[in-house]
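Here's a quick tour of one protein model. Have a look at the picture first, then read on.

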Amino acid sequence: MSSYLKELEKYRDIDEDEILRTLSPEELEQLDCELQEMDPENMLLPAGLRQRDQTKKSPTGPLDREALLQYLEQQALEVKEREDLVPFTGEKKGKPYIEPKREIPAEEQITLEPELEQALANATDAEMCDIAAILGMYTLMSNKQYYDAICSGEICNTEGISSVVQPDKYKPVPDEPPNPTNIEEILKSVHNNDKELEEVNLNNIQDITVPTLIELCEAMKTNTHVRIFSLVATRSGDPIAHAVADMLRENRSLQSLNIESNFISSTGLMAVLKAVQENATLTELRVDNQQGPRARAAQAMTRNNELRRQQKKR
């Protein structure tokens with residue numbers, strides 16, 4: 001057994017409680033300070049818990065943040081700044097950098113005939129751009145400049161080669177204006193069988209509630225003047241499709257029905273198609289671009305396959 005282990009053997013049978021009872025209050029306080037678990041390097045602990053409190057002075061009063069900031073600012077102003085080892089005078093030293101002129105090697109020098117030299121020297125930027133396009137130097141210009149120069153027999157480019165850094169300008173396409181149709185007025189007119197109302201166009205109105213659309217289909221059952229009924233991009237689903245099917249079985253004046261770009265599944269479409277067989281006046285039916293469960297599943301599969309191809313390329 002080593003000497004260190006022999007030294008520890010004498011502490012095996014020590015009674016800690018007896019030792020603690022013999023300590024004075026001052027010694028107990030000192031022992032308590034020593035046993036506090038402090039970790040100065042632990043950034044997760046607040047600053048006050050990284051070391052034990054060794055302040056014996058009683059507080060002079062509550063914290064006054066504004067007074068403390070004023071005191072720190074005053075102290076900072078009173079402290080004299082350290083003088084620079086080399087005082088700043090603003091004098092510029094050294095020589096400005098001048099890029100050396102690069103001499104063109106003899107094998108890279110091109111000599112042209114005097115007539116060509118004169119023609120190129122007097123050519124405008126537009127003419128130089130067209131010449132570059134004819135020579136196949138398409139990297140010096142945009143696609144629009146290149147094809148304009150190739151396809152046209154005349155010089156039509158007025159921007160020059162320096163315009164390649166600018167994107168081609170295209171006319172902005174304005175957004176389609178919102179549908180101004182008033183749903184309540186249309187519903188009232190359909191209920192009253194207004195003879196002046198021949199077309200109901202609710203395209204792109206996506207905040208129509210399902211009960212409102214169903215009520216409109218119910219009113220269309222007995223209407224005899226509406227010839228065109230359009231519900232494109234109204235977020236209609238199968239409940240609306242079944243309401244439209246019931247309307248087609250009873251309506252005897254409708255000639256055109258458009259329910260494209262909605263969320264109608266194959267079940268809803270089959271209900272509409274079966275109702276068309278019982279209708280003798282409808283001559284036009286549009287049901288394309290339905291975002292039903294199968295269409296959404298197909299889009300998801302296509303997107304997943306594209307993501308997998310991109311991951312394989314990486």
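Predicted model: local features only at pLDDT ≥ 70, side-chain atom pairs only at ≥ 80, totals over all residues.

Residues are numbered from 1 along each chain as its sequence is written, and side-chain values use heavy atoms, with hydrogens and water left out.

**Helix α9 and its buried side**

- Helix α9 spans residues 210–220, and its buried residues are Leu213, Leu216, Cys217, Ala219 and Met220. Buried means under 20% relative accessible area, exposed means over 50%, and partly exposed is in between (1.4 Å probe, protein chains only).
- Those residues sit on the same side of α9, because they cover an arc of only 160 degrees around the axis. That arc is taken from the directions from the helix axis to the C-beta atoms.
- Helices (H or I, at least four residues) and strands (E, at least two) are DSSP runs, numbered from the N terminus.
- The cover over the buried residues of α9 includes α8 (183–191), β1 (199–201), β2 (228–230) and α10 (238–250).

**How α8 and α9 pack**

- The axes of α8 and α9 come within 8 Å and cross at roughly 25 degrees. Axes here are lines fitted to C-alpha atoms, for helices over the stretch in contact, with angles from 0 to 180 degrees between N-to-C directions.
- The two helices, α8 and α9, are therefore roughly parallel to each other; angles under 35 degrees count that way.
- On the α8 side, Ile183, Ile186, Leu187, Val190 and His191 meet Thr212, Glu215, Leu216, Ala219 and Met220 of α9. Contact means heavy atoms within 4.5 Å.

**Ser253, a buried serine**

- You'll find Ser253 in the loop between α10 and β3, and its 8% relative accessibility is why Ser253 counts as buried.
- A polar atom of the Ser253 side chain lies 3.1 Å from the backbone oxygen of Asn223, and the side chain of Ser253 also reaches the backbone oxygen of Val226 at 3.5 Å.

**Ser261, a partly exposed serine**

- Ser261 lies in the loop between β3 (256–258) and α11 (266–276), and Ser261 is partly exposed, with a relative accessible area of 26%.
- Although Ser261 and Gln290 are 29 residues apart along the chain, their C-alpha atoms are separated by 5.1 Å.
- Leaving aside neighbours within four places in sequence, Ser261 is in contact with Val232, Ala233, Asp288, Asn289 and Gln290.

Technical notes:
Parallel < 35°, antiparallel > 145°, perpendicular 65-115°, else oblique. Polar contact = N/O pair within 3.5 Å; in protein donor to acceptor, adjacent residues only side chain to side chain.
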